[in-house]
Amino acid sequence: MERNEIKKVLLLGSGALKIGEAGEFDYSGSQALKALKEEGIQTVLINPNIATVQTSEGVADEIYFLPVTPFFVEKVIAKERPQGILLAFGGQTALNCGVQLFEQGILEKYNVQVLGTPVQAIIDTEDREKFVERLDEIDVKTIKSQAVENIADARQAAKELGYPVIIRAAYALGGLGSGFCDNEEELNKIAEKAFSFSPQVLVEKSLKGWKEIEYEVVRDRFDNCITVCNMENFDPLGIHTGESIVIAPSQTLTNSEYHKLRALAIKIIRHIGIVGECNVQYAFDPESEDYRVIEVNARLSRSSALASKATGYPLAFVAAKLGLGYGLFDLKNSVTKTTSAFFEPALDYVVCKIPRWDLGKFHGVDRELGSSMKSVGEVMAIGRTFEESIQKGLRMIGQGLHGFVGNKELNIDDIEDALRKPTDKRVLVIEKAFRMGYTIDQIHDLTKIDKWFLQKLHNIYTTERALHKSRSINTLDNDLLRKAKIQGFTDFQIARSLGMEKEMDIEKAQMLIRTMRKTYGIVPVVKQIDTLAAEYPAHTNYLYLTYSGVNHDVKYVGDKKSIVVLGSGAYRIGSSVEFDWCGVQALKTVRENGYRSVMINYNPETVSTDYDMCDRLYFDELTFERVMDILELENPHGVIVSTGGQIPNNLAMRLDEQKVHILGTSAQSIDNAEDRDKFSAMLDRIGVDQPRWSALTSMEDVNAFIEEVGFPVLVRPSYVLSGAAMNVCSNQEELERFLKLAANVSKKHPVVISQFIEHAKEVEMDAVAQNGEIIAYAISEHIEYAGVHSGDATIQFPPQKLYVETVRRIKKISKQIAKALKISGPFNIQYLARENDIKVIECNLRASRSFPFVSKVLKINLIDLATKVMLGLPVEKPKKNLFDLDYVGIKASQFSFNRLQKSDPVLGVDMASTGEVGCLGDDVNCAILKSMLSVGQRIPEKSVLLSTGTAKQKASMLNAARLLVSKGYKLYATGGTSKYLTENEVENTMVYWPSEEGMQPQALDMLHNHEIDMVVNIPKNLTAGELTNGYKIRRAAIDLNIPLITNARLATAFINAFCSMTLDDIAIKSWREYGLTEE
Amino acid sequence: MRKVTLILDDGTQFHGESFGYDKPVAGEVVFNTAMMGYPESLTDPSYAGQLMALTYPLVGNYGVPAFSLEENGIPTFMESSRIWAEAIIVSDYSTEFSHWNAKESLADWLKREQVPGITGIDTRELTKVLREHGVMMGKIVFDDEPENIPYANYSGVNFVDKVSCKEIIRYNEGAEKKVVLVDCGVKANILRCLLKRGVEVIRVPWNYDFNELEFDGLFLANGPGDPDTCEDAVVNIRKFLANPVVRPCMGICMGNQLLSKAAGATIYKLKYGHRSHNQPVRMIGTNKCFITSQNHGYAVDDETLSADWEPLFVNMNDNSNEGIRHKVNPWFSAQFHPEAASGPVDTEFLFDDFVKLL
């Protein structure tokens, strides 16, 4: 292949963020696009994920917000006629789509060349049987699995291999539909689910307790190979690598083991014929050098993003160049810029990746970790001791941990059981076991975690005990203090270990420790990540802080020409790639205006932690302590806290107290908006309405308040025992049950009860203000009524069905609030609107989740504008506004219930979605259809099952039901719904609930037999009964991969959309082609 | 643990703690950026006279395997019969270890072999100092014995003579092909790599005139220090090259330098010595690139090679010479370590190439 033949390349993205496929592909896609751009190649991107950096202006030449499916990709190919296609940068979604395009002959038909790894090599790695065959050819050991196509064969295979076995669905992302089975009963259950995802299921012998080791390998077309990084899982085999704490480089392998596996990895990718990057995963015997290859991912992956960040080696960028035909020897090391890209990074630090779970958000979810992935995000911590690295990491995941020690006491009934069956809390369980006197050997026997890791954790525990013994700051030994800092203790942990909380406020105690250690000269140093462990000079701006060191690697000039932007931390439900986009845009604007941009963030899945994006990247914590460490060194002109979501927002007040210059809206104003009481008082003062609420400390007060406002109410306990953090209660019984189950109500832990307004529209105002005056704004409207969390709701922008009066009032109130809070920068206000009665629900003086969506639909970059405001630059009000648009944007949510075994896939006031897409259309139907298809919904072929909830909801869906019948769909309905439809002369077949045993036909049977193509199941109320009929139907739909909608208004919108147009009616228009109304 | 100070010749000091044998020591301070392989590196004779600083901070994790010998007298896991480095300098010594094949901790081993080990040193900063200044002499002094100051010389010392065998040793006697191996400080894995390929190895002291022996090929091994102190070996090699009966020859590291000297080239000291597992080399005139393990402070100035010779490999980072070959005869050498141990094994095929030539 000649490099110069390729003029235009299509890159497939990975779509909405979901469990198993998250921000890492924004990073890899962005890098690939950058590599192509550098070559002068025209780029076309298909990715419906509107919140990503890769779908921003200037990253790709043409961007299509369309589903990444063969149908749409073919249409784009036919229109754009690219010469090349990149399949390896959009996760499993892009890879699977690419294989289908190849198999359907579409690539050949349009003469599109697959750049990089050939499709045959992809197929060889994806099809388990072929994969084993290919590795057998070169005598490389694999986990022998038997591919089966029905349950009977699965049972037979398991019997032959002997239990325990593992079941995997072929061609599935991140271990979807896989699991361990100890016996036939478990096998039956798991295999059925696996078959719903894939016609081929693999049964294999389990190697539980072996080490899991990964290598990231790169090969060019001249057969030159390198391994960029190896990684070792802290957790033994059996826990999905996405669920595991991962350490880079490996810690417990000898030279001979390391290089044995490295040589094998190279042998494998040569044989398979990878061109670009791939990942080889091994199971490795802890008692010998025996190994098995688990799998090979012939694409960029979560691990490759991690490896890139862990080493500074830009794998995706290099892989894209190799795909164009370059040799590794042609390319330079991006960090040193002088040495060759053909090399293997040497690390002089240790990296810990820790997953972030949000299992607490889901009802009924299985918390045990296993072979299928449940985590929603991850963090990467860098340190020069293992203790430092893991303690940083545990803080970074943002679940209230202060490190390995110094946390709230964990209540565990059976510690041995908890050690044996790992959950998201397993690290804390180990700490608890140390406290209870368990030895390292005992814990190792129960957890199978390598003793080396346990010994290191024990070091932390020992230091905590030593601190505890010194009892007071006055008797604290200097060496011990230094040791604690080297082991990653924060000042907070030290203060707590010393018991200082008893005498004073912990924040004050923490400051005392800080002051004391500074007088001793115990301060962190800044080190570079330079890929060569200081062997060659490197002018890298990729930095971290450590206490294991004596000197900074960088110089500080103190010219006050830098601006620090605080990042958004771990992706989690409620804060994800959208804030990365905001951070990256802020960095860009800072740079363009003559300041040096500085980012602090620690999420390896992001673009903001790409060291190319800023002048200095501190890959480090966003704790108050670490941010202050950096600010004291950096001495910036100012700090931006409003583009990274809630984490930096929460730091505003404490930074302000330390006289840090916060750019834009003042910390005091942020506090006035965040503090419920202050905010309410302000709204009262300016005469703006909000739903009534009260913070209550006893059941009597709760009842008295509800007496006044009436049911339903929104209940938010301040201390949650288990389950969801908030809930809507429709009656006394629900209220009492929720409060009893979920929360303590006491003086110390008040519960906030708010009036819940039903059938109200929810409207969002995203805006930028300067000195209290709104400069630009976007008003958008939820399709669902209030009650569905704004992060889960489907949002239309510009609003399609709002009264002009409503819009006018919202604008007016927003102006008043902006003025009252003297906002300078981005902000978001959420409103309830019923008739023209407007109430404020929430106000955030920072960028919101919907900023990228509205910015891209409106084609006005609100963050750019906000950043200019914060920099004090003159800005002009944009000339256009949302009423000029002659197209519609729909933002739809992506759920990952299929990953979260047993969770109830129902939407409520707590957010559950893991990602989103945003699609454009000339009308609402087109935009809805694109966006719903982009989040995995399918247009049903012939049959729909309806259970449409309360009488009111039934009525609201009647027209949609009629429409379905008129389009020839066969309707099935459960009892009440069926009766209602029949009464209204809508033809339907009644089916029975699971509880109606013995009656036929059973809804569940029909689902299992794939006689139903879509399920609309509207829960009657918003409390999720875990074992109800509805739950069983919903869960079955998810487990059997049948599209499910649980909201009447969304279901109606979707049904209207697909009944009004077919797939072929969808216009294939790029973002650029959606223009303004002709004047 | 006793507190120690590492004092470099330029006065720079680093403070740490002793975890090995408690003894002040002096030597040439060198760094290695390899992330694993401390048992192999410590027993590599090329480290004789040197204080070895590891940039990878966590050391000792997997302990140390048992010191055992195979039937042929070659150690099972180590690279020679003892630790040759004068000391090991690390950032975070792991007092506990975990590995199925470990018999003792690194600390216990160092104590047994009476070799100092120090921890708590910012070895990244140390590397930066060495990188900018070039390698330096340094000493480890115990803070509670400030008067006990060790002294040592590195340059000009013939370390090869210290580490080479003193008598001829024969391995795999009676094999069809015989290879003379000039032991300048040979690593055990070179012997293993040759023996694995079925040849007899006649290991001779570095200054032994092997030309009188009966053999089919010549192998020039690695070794410590300055090649200019090994003139005797160069004389013997010249004799070999001048022999009308042309027999194959391969050299590694010091062997590359001695062969180059015999071919007329001069040697210079590198500003940044190559001590790592990640050195990229390219076979000249091809697109073939290899990741190699290296440990050397001197390099061949390939401009000075005589006309019959040409460079074979080049370092892709600094363009220094990584090997030479004769334009006609089957003589070649590599500056890197195809035998690895420790390090990547990508260039082991060079042994195949050599044995095929015999």
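Let's start with strands 34 and 35 of chain A: strand 34 covers residues 943–947, and four bridges join it to strand 35, with the two running parallel. Two strands pair if DSSP finds at least two bridges between them. To find this pairing on your screen, go to Ser943(A), whose bridge partner in strand 35 of chain A is Lys970(A).

Before going on, please keep in mind that this is a predicted model: local features need pLDDT of at least 70, side-chain atom pairs count only at pLDDT 80 or more, and totals for chains, interfaces and linings use all residues. Residues are numbered from 1 along each chain as its sequence is written, while chains are lettered from A and ligands numbered from 1 in the order in which they are written.

Back to strand 35 of chain A. One place to look is Ala973(A), which has Met990(A) as its bridge partner in strand 36. Between these strands comes helix 33, residues 975–983, and together strand 35, helix 33 and strand 36 of chain A make a right-handed β-α-β unit. Right-handed here says that, with the strands pointing away from the viewer, the path from the first strand over the helix to the second runs clockwise.

Is strand 35 of chain A buried or exposed? Four of its five residues, 970–974, are buried, so the strand is largely enclosed by the rest of the structure. A residue is buried if 20 or more other C-beta atoms lie within 10 Å of its own, exposed if 12 or fewer, and partly exposed in between, with C-beta atoms placed from the backbone.

Now an antiparallel sheet, also in chain A. Seven strands form an open sheet in the order 31-30-27-28-29-32-33. At the edges are strand 31 (837–844) and strand 33 (915–921), each pairing on one side only. Strand 33 is joined by seven bridges to strand 32, residues 888–894. Within that pairing, Gln894(A) has Gly915(A) as its bridge partner.

Next, chain B. Chain B has eight helices and 21 strands. Its C-alpha atoms fill a box of roughly 65 × 45 × 40 Å along the principal axes. Of its 358 residues, 59% count as buried.

How do the two chains meet? The contact takes 46 residues from chain A and 39 residues from chain B; two residues are in contact if their C-beta atoms, placed from the backbone, lie within 7 Å. On the side of chain A that touches chain B, helix 9 gives the most, with five residues.

Let me finish with one residue, Asp122(B). Where does Asp122(B) lie? In the loop between strand 10 (117–119) and helix 3 (123–133) of chain B. Asp122(B) is buried, with 23 other C-beta atoms within 10 Å. Leaving out residues up to four places away in sequence, Asp122(B) touches Ser548(A), Gly549(A), Val550(A) and Asn551(A), along with Phe14(B) and Ser91(B).
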